[in-house]
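The following note is intended for a colleague who is meeting this structure for the first time. Please read the points alongside the sequence and the model.

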Amino acid sequence: MTLTRNKPLVLVLLLVFAIMSYLTIGGQSIGVCYGGNGDNLPSPSDVINLYKSNGIGSMRIYDPNPDTLQALRGSGIELILDVPNPHLESLAADASAAATWVQDNVVNYASDVSFRYIAVGNEVLPTSDSTAQYVDYVLPAMKNIQSAIRSAGLQDQIKVSTATYSGVVSNSYPPSHGSFDDGVSSFINPIINFLVENDSPLLANIYPYFSYTGDKQNIQLPYALFTAQGVQVQDENLQYQNLFDALLDALYAALEKASGANLRIVVSESGWPSEGDTDATVDNAKTYYTNLINHVKEGSTPRRPGQAIETYLFAMFDENQKGGLETEKHFGLFTPNQESKYQISFS
């Protein structure tokens with residue numbers, strides 16, 4: 001009887017629940033990383049228009065470029081803003097320098113630029129030859145940036161984090177065995193505690209491409225491209241059909257062992273190159289990006305059922321001045337003349 005009398009209220013509540021479920025599980029906005037290591041890239045204002053015309057709702061940039069920040073004003077595009085690794089030492093050593101950085105690059109734009117996360121450092125690890133020199137500066141810089149964000153009254157709007165990658169995890173097969181070894185735990189555990197205290201997610205760059213090319217003997221291409229049929233990995237009561245979920249859940253398993261069981265992971269980069277190696281082809285890249293977009297729109301990982309996977313694709317453009325392997329220059333979803341390489345839908 002009560003249900004009958006309150007039927008309109010019940011229907012409203014069910015509708016609200018359905019909408020919230022859609023926002024949490026489905027309809028996840030796709031972000032794209034916007035790097036600038038090219039001498040032939042379009043202007044920031046043209047880039048913003050390209051994001052908007054393709055329904056791309058989120059962006060990551062790797063330094064606080066004033067022209068890009070200006071072009072973002074009023075766009076509604078949500079932003080991950082990086083603190084570049086070479087700037088970490090000065091921001092860690094001097095709270096006033098961090099306050100100035102936040103004032104110049106965040107507060108001055110915050111009224112009409114939708115900052116979401118500050119990534120303090122990218123892929124810094126004590127086991128990495130290229131970034132180990134920054135290890136001592138990441139957490140102190142995060143604390144100083146957080147203090148400046150709080151002083152500006154933006155702590156509820158903007159979360160401070162750092163971007164790590166799959167290399168932080170050891171024993172990642174099967175995913176439930178994921179952990180941080182002794183060489184990493186002394187670095188990552190205090191960062192985890194900081195993130196928990198400030199209700200911030202961990203940002204992580206997840207690349208099945210690199211895992212696959214580094215271990216072709218044990219990893220099959222379809223497993224990396226989301227095209228494998230049936231269960232590929234049985235991990236206790238969890239079943240895996242793609243490598244992306246396995247890599248992400250290995251990191252979740254490691255966090256659970258390090259007092260970070262409730263931390264959320266934002267996939268701050270994921271992509272597949274179209275040139276530069278045998279498996280770096282246009283067809284493989286299109287398959288990966290298409291299937292990744294569909295996957296994160298529709299669902300979650302086996303270890304985190306019902307939890308949306310906020311994901312940023314790497315990258316918006318091919319960047320002809322990037323160093324390293326030739327593949328590094330060919331992760332773009334668009335050519336520098338703004339033509340889509342794959343004709344895929346982001347919305």
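How many bridges join β6 to strand β9? The two strands run parallel and are joined by 4 bridges.

1. Basis of the note. This is a predicted model, in which local features need pLDDT of at least 70 and side-chain atom pairs count only at pLDDT 80 or more, while totals for chains, interfaces and linings use all residues. Residues are numbered from 1 along each chain as its sequence is written, and side-chain values use heavy atoms, with hydrogens and water left out.

2. Strand β6 and its partners. Helices (H or I, at least four residues) and strands (E, at least two) are DSSP runs, numbered from the N terminus; two strands pair if DSSP finds at least two bridges between them. Strand β9 covers residues 265–269, and its Ile265 is the bridge partner of Leu202. Strand β5 (residues 159–165) also runs parallel to β6, with 3 bridges; Ala163 has Leu203 as its bridge partner in β6. Between β5 and β6 the chain passes through helix α8 (residues 182–197) in a right-handed β-α-β crossover (with the strands pointing away from the viewer, the path from the first strand over the helix to the second runs clockwise).

3. Burial of β6. Leu202 and Ala204 on one side, and Leu203 and Asn205 on the other, are all buried (under 20% relative accessible area; exposed is over 50% and partly exposed in between, with a 1.4 Å probe and protein chains only). In a regular strand the side chains alternate between the two faces of the sheet.

4. Helix α3. Val47, Ile48, Leu50 and Tyr51 are buried in helix α3 (residues 44–53). They lie on the same side of α3 because they cover an arc of only 160° around the axis, taken from the directions from the helix axis to the C-beta atoms. Just after α3, Gly55 has a positive phi of about 70°.

5. Salt bridges. The whole structure holds 12 salt bridges (a side-chain nitrogen of Lys or Arg within 4 Å of a carboxyl oxygen of Asp or Glu). Asp279 and Lys216 form one of them, at 2.5 Å from N to O. Asp279 lies in the loop between β9 and α12 and Lys216 in the loop between α9 and α10, so the pair ties together parts that are 63 residues apart in sequence. Asp279 counts as buried at 10% relative accessibility, whereas Lys216 is partly exposed at 38%.

6. A salt-bridge network. Arg264 and Glu310 form a salt bridge whose closest N and O atoms are 3.1 Å apart. The two residues are 46 residues apart. Salt bridges that share partners join Glu78, Arg116, Arg264 and Glu310 into one network.
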